[in-house]
Structures are given as C-alpha cells and as structure tokens.
Amino acid sequence: MKAIAITRAAKDGSNIDALQDITLPKPVAQGHDILVAVNAISVNPVDTKVRSGFSSDTPRVLGWDAIGTVVETGEAVTLFKPGDAVWYAGSLTRPGSNSEYQLVDERIAALKPQSVENAAAAALPLTAITAWEMLFDRLGIQENGSEGEVLLIVGAAGGVGSILTQLARRLTKVTVIGTASRPESQKWVTELGAHHVIDHSKPLTEELQRIGVKHVTHVASLTNTEEHYAQLIEALIPQGKFALIDDPVALDVRALKAKSISLHWEFMFTRSMFVTSDIIEQHNLLTRVAKLIDQGVLRTTLGEHYGTINADNLRRAHALLETGRAVGKIVLEGF
C-alpha cells in the first residue's frame with residue numbers, strides 16, 4: 001500500500017524533507033481492530049512535533065485524523081461492518097493515517113457525519129475529542145449550563161480552538177472569549193460564535209479590561225502557555241480552573257496556590273495509549289459530534305485543502321503549521 005513516512009531522525013527539528021512516499025504491506029485486522037481504507041486526512045501540530053522529535057531511522061507513518069471506509073474487521077469487532085464510513089483520530093502508539101490502509105481500534109472510531117463531504121469531516125476528529133474532553137471532562141463546564149461563568153480560550157483560531165469555541169457557545173451558557181492576533185483569525189473566531197475576541201499579542205489583562213471583563217472562571221490555554229501564564233493566573237478568579245494542551249518547558253505551579261486554581265492537562269491520546277476502562281467514550285463522543293454536525297449545530301473547521309495525500313503536500317502542510325499562522329485545519333484527500 002502507498003504511505004508517507006518520516007524516514008530519518010531529526011537534526012534540530014529540520015527533517016521536513018524526510019517525509020517521503022514509501023510502500024508498505026497492507027495490514028490485517030484482528031481483535032477489536034477495523035481495517036480502514038483511508039479517504040481523507042487532516043494535519044495537526046502533533047504531526048510536526050513527532051516529526052521534529054523523531055530519533056530513529058526506521059520509517060514511521062504519521063497522521064492522526066482520518067475519514068475512511070471499513071474493509072475488514074477483527075473477530076472481536078461489534079460496532080462496525082465492511083462498507084461503513086467512519087472517522088477517528090487513531091492512536092499515537094500505532095502507525096498513523098498517512099497511508100492507504102490503517103488499523104484502528106473500533107472503540108475510538110465512529111460513523112462519520114452524513115451531511116458533509118470527506119474533506120470537511122476529516123478536519124474534526126482529533127480536535128473535537130480534545131476540545132470536548134477539555135471543556136466537559138477537564139474544566140467541568142456543564143452542558144446546557146454554566147450560566148454566569150466566563151471561558152477564555154487562548155489560541156481560538158487554531159484547530160482545537162475552532163471547535164472548542166463552537167462547543168462552548170452552542171452547548172453551554174458560558175460566556176466565550178477567544179484570542180486571535182490577526183484580522184483574518186479574529187474574523188474567523190467571531191464567525192465561530194465567540195462573544196468577544198481579544199488580541200493575544202497584547203497583554204491579556206489589558207485586553208480583558210478593554211471589553212469590560214474583570215475576571216474569568218475558566219482558561220483553556222491552547223498555545224504559548226508559558227508566555228501568558230502569569231497574566232492568565234491574574235485573570236482567573238479564586239478557585240478558577242486552568243487547562244492546557246501545549247508543552248511548556250516549565251510552569252511554576254506554586255503560583256496557583258494563593259487562588260486555589262486547579263490545573264488540568266488534556267491529552268486526547270490518553271485513552272488509546274493506556275487502553276483505559278472508559279476507552280469506548282471516544283466512540284460515544286465522536287458519535288455525538290457527528291450528530292451535532294448533521295443537525296447543523298456544529299460546522300467544519302476546514303481551513304485549507306492541500307490536494308491529494310502525498311509527501312509533497314504533507315511537507316507543505318507541516319511547513320504552514322510550523323509558522324503558527326494556520327487558520328482552521330489543513331486537509332488532504334485521496335491517493
């Protein structure tokens with residue numbers, strides 16, 4: 001089968017040219033696995049992080065977002081049958097979706113939305129899981145509730161921020177404040193439903209004062225947490241909640257003590273990596289998100305379509321993501 005793999009170790013992260021087209025054996029489904037013929041994928045920051053930190057010369061297939069068709073099922077599979085159109089984000093510990101065929105545990109996949117094309121749907125699985133778990137599981141915001149609470153989303157124009165803004169606005173009563181630094185990204189966040197948009201290239205406390213907000217109850221920090229950390233703590237109310245997804249080198253958690261602020265890390269691969277007892281919740285979550293899309297409650301976060309799935313186009317996608325200027329998600333489709 002065709003695949004795109006990272007083919008050599010990184011040297012100071014400069015191995016984007018090592019994304020190469022290769023040929024691999026077609027895998028066989030066993031146990032809870034379904035074998036999926038991949039139709040469309042999207043590219044996430046985790047792809048660039050894994051690539052730039054790659055320390056082996058054994059090729060590895062990246063990619064953690066896919067739409068595809070089930071072609072084979074393992075003997076323990078009960079959720080799907082051949083011919084089903086599915087979507088999923090896969091597992092960080094297994095070969096990724098940048099290939100013609102991929103094995104994925106049925107318990108982290110779901111039937112794709114019926115109302116959108118493959119490319120539009122491919123933009124969503126990883127970020128939807130991340131955003132849902134962060135909003136409801138980590139931050140404890142209540143679906144159909146949390147009236148009077150204020151959520152600040154740092155980096156609201158990116159992949160996770162784009163769906164998190166929608167989930168918070170459409171499914172809760174929380175006031176949503178998103179940050180974005182450029183006119184086009186600010187417009188995007190406004191269109192996604194944020195009540196307010198502020199500029200994270202300026203001091204956040206001053207920007208909050210500008211819109212008449214003294215304090216927030218919840219923070220979802222999606223990028224540059226170290227840079228904004230002190231101001232986010234200042235902005236949070238006593239007993240507020242702080243969640244993040246990026247990888248700061250160091251955070252002084254003692255700074256949270258005076259306000260009894262709780263710190264929550266969200267990593268959507270935890271359930272698949274450790275095969276947790278509640279691993280099926282990612283199937284349930286994606287099933288719910290698919291219905292919300294089909295009902296018109298949520299919209300795709302597709303930003304740009306980069307053409308067919310090949311090494312040249314994946315290198316272009318990685319390069320754009322590493323600039324930090326992508327709006328929405330980058331999608332590739334077909335081999």
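The side chains of R288 and E143 form a salt bridge, with 2.5 Å from N to O. Here a salt bridge means a side-chain nitrogen of Lys or Arg within 4 Å of a carboxyl oxygen of Asp or Glu. Between domain 1 and domain 2 the count is three salt bridges.

The model is predicted: local features need pLDDT of at least 70, side-chain atom pairs count only at pLDDT 80 or more, and totals for chains, interfaces and linings use all residues. Residues are numbered from 1 along each chain as its sequence is written, and side-chain values use heavy atoms, leaving out hydrogens and water.

Now the two domains. Domain 1 covers 2–125 + 271–333, and domain 2 covers 127–265. These bounds come from an automatic or database domain assignment. Taken over C-alpha atoms, the domain centres are 26 Å apart.

How many residues of each domain are in contact? Domain 1 brings 23 and domain 2 brings 22, where contact means heavy atoms within 4.5 Å. The area buried between the domains is about 2000 Å². Buried area is the accessible area (1.4 Å probe) that two parts lose on being put together, summed over both. Carbon and sulfur atoms give 60% of that area. On the domain 1 side, L285, R299 and V327 supply 27% of the area buried against domain 2, more than any other three residues.
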